[in-house]
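Here is a short briefing on one protein chain. Please keep the sequence and the 3D view open while reading.

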Amino acid sequence: MPRKRDHLRDVHGILLLDKPSGRTSNQVLQSVKRLFRAAKAGHTGSLDPLATGMLPICFGAATRISSFLLGARKSYAVIAKLGAATDSGDAEGTITAQGSRPDLDTIRVREILEGFAGESAQIPPMHSALKHQGRRLYELARQGVEVERPPRPVHIAAIELLAYDRSELQFTVTCSKGTYIRTLVEDIAKEMGTLGHVVALRRTSVEPFQEPDMVSMQTLKGSETEGLERLDELLRPVDSPL
């Protein structure tokens, strides 16, 4: 009997997937890997299940240069709910505290956002994949355990206000590897005198790739009906990040 692996192909290239909301990055990776019947593939830079947007998937030889994309600057469009905090820092968590809605004008909010530009230290959230004594932080968080996390340096290259009212804040941000948007939102809300959490998050770029370059799951599934060659046409060259 032939082994399952005998049906897999050596696929090489990079797919700029527009990740849908509601699924983990690994779940989406496995679906794409099956569509391409690829022997080897990995994603570069996880997105939370709630998040959408650019998730580069490296096939075959491209996995060797995935570190370039892991370390690249990334841009996000963010919608934050003001006046409440959750245990996970986003809308998938349980509300843990309520706060007053900030009574600030747009000029002051823009000043607060701009104050986060440049170098800073950020404490990673408990609901993250970082490890503590060999265990993922999110595993400890689910058990109600909180441990001390040392601050990590991050860099905000650009941050811009899109819209604001007393209950909601929308902005874009371009930042370094390792920046947690959930923590950024909590820190911004604190400066505004309230609490906050992420309700929508979209990654719009992973340098050097931009939002128009992305391919949706719907496009992939439509191309699958035309054959594997059509799917392969959606891949970017292995050296394109360089």
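Predicted model: local features only at pLDDT ≥ 70, side-chain atom pairs only at ≥ 80, totals over all residues.

**Strand pairing around β11**

- Strand β11 spans residues 168-175 and runs antiparallel to strand β4, residues 74-82. The two are joined by 8 bridges.
- Within this pairing, Tyr 76 stands opposite Val 173 of β11.
- Strand β10, residues 152-165, also pairs with β11 in the antiparallel sense, over 8 bridges.
- Here Ala 163 is the residue opposite Gln 170 in β11.
- β10 and β11 make a hairpin, with 2 residues between the strands.

- Ile 181 is in contact with Tyr 76, Val 78, Val 173, Cys 175, Val 198 and Leu 201, leaving aside neighbours within four places in sequence.
- As a general background, nonpolar side chains in soluble globular proteins tend to be buried together.

**The buried side of α3**

- Helix α3 covers residues 106-114, and Val 109, Ile 112 and Leu 113 in this helix are buried.
- Why do they count as lying on the same side of α3? They cover an arc of only 100 degrees around the axis, and this puts them on the same side.
- An α-helix has 3.6 residues a turn, so residues three or four places apart point the same way.

**The aromatic pair**

- The count of aromatic pairs comes to 1.
- That pair is Phe 36 with Phe 59, and its geometry is tilted. The ring centres are 4.8 Å apart, with 40 degrees between the planes.
- The pair links distant parts of the chain: Phe 36 belongs to helix α1 and Phe 59 to strand β3, residues 52-59. The two residues are 23 residues apart.
- Both Phe 36 and Phe 59 are buried.

**Backbone features in loops**

- Arg 37 has a positive phi of about 55 degrees, although it is not a glycine.
- Arg 37 sits in the loop between α1 (25-36) and β2 (41-43).
- Is Arg 37 buried, partly exposed or exposed? Its relative accessibility is 46%, so it counts as partly exposed.
- The peptide bond from Glu 207 to Pro 208 is cis, with omega near 10 degrees.
- Pro 208 is in the loop between β12 (196-206) and β13 (209-210).

**Ser 66 in α2**

- Ser 66 is part of helix α2, residues 66-70.
- At 18% relative accessibility, Ser 66 falls under the 20% cut-off, so it counts as buried.
- A polar atom of the Ser 66 side chain lies 3.0 Å from the backbone oxygen of Thr 63.
- Not counting residues up to four places away in sequence, Ser 66 touches Thr 44 and Cys 58.

Technical notes
Residues numbered from 1 in each chain as written. Heavy atoms only, no water. Pairing = 2+ DSSP bridges. Helix = DSSP H or I, 4+ residues; strand = E, 2+ residues; numbered from the N terminus. Buried < 20%, exposed > 50% of the residue type's maximum accessible area, 1.4 Å probe, protein only. Phe/Tyr/Trp six-rings, centres within 6.5 Å; stacked < 30°, edge-to-face > 60°. Arc of directions from axis to C-beta. Contact = heavy atoms within 4.5 Å. Polar contact = N/O pair within 3.5 Å; in protein donor to acceptor, adjacent residues only side chain to side chain.
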